[in-house]
Amino acid sequence: MLINKEAIIVGAGLAGATIANILAKKNYKITVYEKNNFIGGNCYDYYKKGILIHKYGPHIFHTNKKKIYEFINKFTKLNNFINKVYVRYKNLLFPLPINFTSIKIIAKNDANYIIKKLKTKFGKTKLITLSQLKKINDKKIRKFYDFIFQNVYANYTTKMWGIKFNKVDPKTINRVKIILSDKHNYFPQDRYQGLPINTYTRMITEMFNHKKITINLKTDAKKILKFDTENKKIYLNKKEFNGLIFYCGSLDELCNYKFGVLPYRSLKIKFFFKKMVKFQQSAIVNYPDHPKMTRICEYKQMTQQRNINNTIISKEYPKSFVLSKNQNSQRFYPIINKKNLMKYKQYLKLFKIFSNFYPLGRLGLYKYFDMDDTIEYAMKLANNFH
Ligand SMILES: Cc1cc2nc3c(=O)[nH]c(=O)nc-3n(C[C@H](O)[C@H](O)[C@H](O)COP(=O)(O)OP(=O)(O)OC[C@H]3O[C@@H](n4cnc5c(N)ncnc54)[C@H](O)[C@@H]3O)c2cc1C
């Protein structure tokens, strides 16, 4: 099939914006279709009563990849925000990831002993995993491990994913880091961190800002795309379309849930306006022992908005994604397990026959992608086209 230098992109989120920007610079004529009446997808942020908030929960850019950092620097500078998460557990408030400060707050009289042991065992190592901590044969360390495992991780994870802790992918647990110093940084391995100084929405607007790119908001691609599997042709507004198609929505939706709904976790995010300058210790505080809520975010502390006497916080309540006509439920985190991946692959197979169709982004690829992964994947894919 002859591919014109023409592409359509479904979804005006970060994945769509990245590929649109790169291909427009390669002289592709790009048309974007977005079902919302705003661009930015999950990263969408806006001002409410003069305070910048994130519609879909707090977003903090972080990466260790220079290439990705340099890419977003073309569109925005980042503020110098470092995510210092705290855990509120009963009357205790301590840093997350667990560090030496946390050990002092939790283990109290045993803290010096535990820290000394860890220093002796791990020397100059800066980070260890929870499973490395578990393997240490020492009574006091084991007591400390049992405490944080149950009260910090198990409760939170069970609430977050709606499943028993022992059903969570062990890789997730193994990834949990403990910092062997007083350093307080939620992303200790990532050199580049921060939020766009002029909002994510503005950053993504800049990415789309090219004369070869046209954006159509409030347009659901399901209504304008038709797939003729017999003849392996795709129709856009009833006309055969031979250009490239990048699809950043969920594939099950596009096929009317032929093989069932792809499962996602979702969140109910409740915003509260507070007549006070500062609500909490830091931008994000986790509540592992709360029966339903996982965390509270205070946006001003991330966005570094100053000279405002009020503040807005959001509380997050995890729940399952359920199909609804009014879009009350949002797809947030794909639930990655064998069964769900099989279902995703079934959908993928349906689209493989179309040589010009490319699933993209966290929904199209059914992956848990941070922003840097999202950008990286889209950049790599764009490299295939000249
Ligand atoms: C609660 C939460 C917090 C997060 N926090 C962080 C963080 O702190 N740091 C970090 O690095 N990453 C974070 N992420 C991940 C980050 O949001 C994603 O990496 C990124 O937004 C993915 O971009 P995307 O374009 O793939 O998807 P999306 O942003 O979801 O964009 C997809 C777009 O496609 C549109 N669309 C879908 N179907 C159709 C259709 N049929 N027709 C038209 N349009 C359609 C949607 O409306 C949407 O605008 C977080 C994710 C969540 C859920």
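This is a predicted model: local features need pLDDT of at least 70, side-chain atom pairs count only at pLDDT 80 or more; totals for chains, interfaces and linings use all residues.
H1 covers residues 14-25 and H14 covers residues 371-382; their axes come within 9 Å and cross at roughly 35 degrees.

Which residues make the contact? On the H1 side they are Leu14, Ala15, Thr18, Ile19, Ile22 and Leu23. H14 brings Met371, Thr374, Ile375, Ala378, Met379, Leu381 and Ala382. By type, the contact has 11 nonpolar residues, 2 polar ones and no charged ones. As for the spacing, an α-helix has 3.6 residues a turn, so residues three or four places apart point the same way.

Next, the ligand. H1 and H14 each supply at least two residues of the shell around the ligand, and so do strand S5 (61-63), helix H9 (221-224) and helix H13 (361-364). There are 36 residues around the ligand, and those that come nearest are Gly11, Gly13, Gly41, Gly249 and Gly361. The shell divides into 17 nonpolar, 12 polar and 7 charged residues.

Now a hairpin. Strand S3, residues 45-48, pairs with strand S4, residues 51-54, in the antiparallel sense over 4 bridges. Lys48 stands opposite Ile51 in S4. Between the two strands are 2 residues, and Lys49 in this turn has a positive phi of about 50 degrees.

How values were computed. Residues are numbered from 1 along each chain as its sequence is written. Axes are lines fitted to C-alpha atoms, for helices over the stretch in contact, and angles run from 0 to 180 degrees between N-to-C directions. Two residues are in contact if their C-beta atoms, placed from the backbone, lie within 7 Å. Ala, Val, Leu, Ile, Met, Phe, Trp, Tyr, Cys and Pro count as nonpolar, Asp, Glu, Lys and Arg as charged, and the others, Gly among them, as polar. Two strands pair if DSSP finds at least two bridges between them. A residue is near a molecule or strand if its C-beta atom, placed from the backbone, lies within 6 Å of it.
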